Structures are given as C-alpha cells and as structure tokens.
Amino acid sequence: MNHAVRNVAASAVGALALAVSAQAAEAGKPPVQSAGPSSFSRERTEDVCTREPRSQWLPEAEMRLLAEFRGYKIATFKIANGSCYEIYGFKSGNMVEAYFDPVTSKVVRQNIAK
C-alpha cells in the first residue's frame with residue numbers, strides 16, 4: 001500500500017474513532033479512548049463470531065468479495081479475536097467497522113460513523 005493511501009486510510013479510521021466517541025458521549029456512555037488510528041479497534045473480548053475450526057472458514061478472498069458485493073468498500077481486512085473477519089472501510093458513504101462470522105459471512109456487529 002503506498003503512503004498516500006495509507007495516510008488516507010489512517011485519517012479515515014481516526015475520524016471514525018472520533019465520530020463513535022461523540023455518539024457514545026451523546027448517549028451518556030464513556031468515550032472511546034484512542035491514542036490514534038492504530039488503537040481505534042473496537043474489538044471486544046466477548047466478541048466471538050464462530051467457534052468453528054479455520055478449516056471451515058470461508059477463504060479471505062471470498063469473504064472480501066462477499067463484503068464488496070454487499071456494498072462495503074474495504075480499506076483494511078483482518079482477523080479479529082481469532083474468530084471474526086473484520087473490515088474497516090466505507091458503506092453507503094459512511095465509514096464503517098464490521099465484524100463477520102467467517103463461516104456463514106453474516107454480519108455479527110458493525111460500527112457506523114454518520
């Protein structure tokens with residue numbers, strides 16, 4: 001990934017973190033603590049998307065295609081908590097962080113900045 005794209009992605013993730021913190025503050029919840037884009041992840045230790053072995057998971061390339069077909073523009077794709085596929089990117093013009101069950105491809109949870 002070139003530096004310009006990486007900087008844009010980092011800025012987008014940072015903006016998403018600020019938006020989510022503002023929403024939490026409006027809801028009376030404590031804001032998300034973030035030292036910067038790299039610490040934005042809202043992974044929760046209780047998030048378990050599947051307990052199936054990796055041999056049962058959809059290949060990453062297939063999950064990327066399914067997410068893109070559903071309208072996600074993927075900036076970052078990774079495995080979260082060892083049981084979820086996680087993406088950072090955009091959907092319908094909004095920044096989004098989404099967690100998917102890697103066996104069924106169903107959305108388990110997503111955070112959307114509006």
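**A walk through the chain**

The protein chain has 2 helices and 4 strands. Helices (H or I, at least four residues) and strands (E, at least two) are DSSP runs, numbered from the N terminus. Read from that end, the elements follow the order α-α-β-β-β-β. The model is a predicted one, in which local features need pLDDT of at least 70 and side-chain atom pairs count only at pLDDT 80 or more, while totals for chains, interfaces and linings use all residues. Residues are numbered from 1 along each chain as its sequence is written, and side-chain values use heavy atoms, with hydrogens and water left out.

Begin with the surface. A residue is called buried under 20% relative accessible area, exposed over 50%, and partly exposed in between (1.4 Å probe, protein chains only). Of the 114 residues in the protein chain, 35% count as buried.

The largest nonpolar core has 11 residues: Trp57, Leu58, Met63, Ala67, Tyr72, Phe77, Tyr85, Ile87, Val96, Ala98 and Phe100. A nonpolar core is a set of buried Ala, Val, Leu, Ile, Met, Phe, Trp, Tyr and Cys residues joined through side-chain atoms within 4.5 Å. Two or more of its residues come from each of helix H2 (60-69), strand S1 (72-80), strand S2 (84-91) and strand S3 (94-100). S3 gives the largest share, 3 residues.

Ala67 shows how such residues meet. Apart from its neighbours within four places in sequence, Ala67 is in contact (heavy atoms within 4.5 Å) with Tyr72, Ile74, Ile87 and Phe100. Across the protein chain, 46% of the contacts with a separation of 6 or more are between residues 24 or more positions apart.

The count of disulfides, pairs of cysteine sulfur atoms within 2.5 Å, comes to 1. This disulfide joins Cys49 to Cys84, with an S to S distance of 1.9 Å. The link between Cys49 and Cys84 is right-handed, with 90 degrees about the S-S bond. Because Cys49 lies in the loop between helix H1 (3-26) and H2 and Cys84 lies in strand S2, the pair ties together parts that are 35 residues apart in sequence. Both Cys49 and Cys84 are buried.

Ser83 sits in the loop between S1 and S2. Ser83 is buried, with a relative accessible area of 5%, and its side chain reaches the backbone nitrogen of Cys49 at 3.1 Å.

Charged side chains come next. Side chains of opposite charge can pair when their charged atoms come close. A salt bridge is a side-chain nitrogen of Lys or Arg within 4 Å of a carboxyl oxygen of Asp or Glu, and by this rule there is 1. The partners are Lys78 and Glu86, at 3.6 Å from N to O. Lys78 is partly exposed, with a relative accessible area of 30%, whereas Glu86 is buried at 0%.

Two serines have positive phi values. Ser92, in the loop between S2 and S3, has a phi near 55 degrees and is exposed, with a relative accessible area of 69%. Ser105, in the loop between S3 and strand S4 (107-112), has a phi of about 70 degrees but is buried, with a relative accessible area of 5%.

Technical notes: A polar contact is a pair of N or O atoms within 3.5 Å; within protein, one must be able to donate a hydrogen and the other to accept it, and residues adjacent in sequence count only if both atoms are side-chain atoms.
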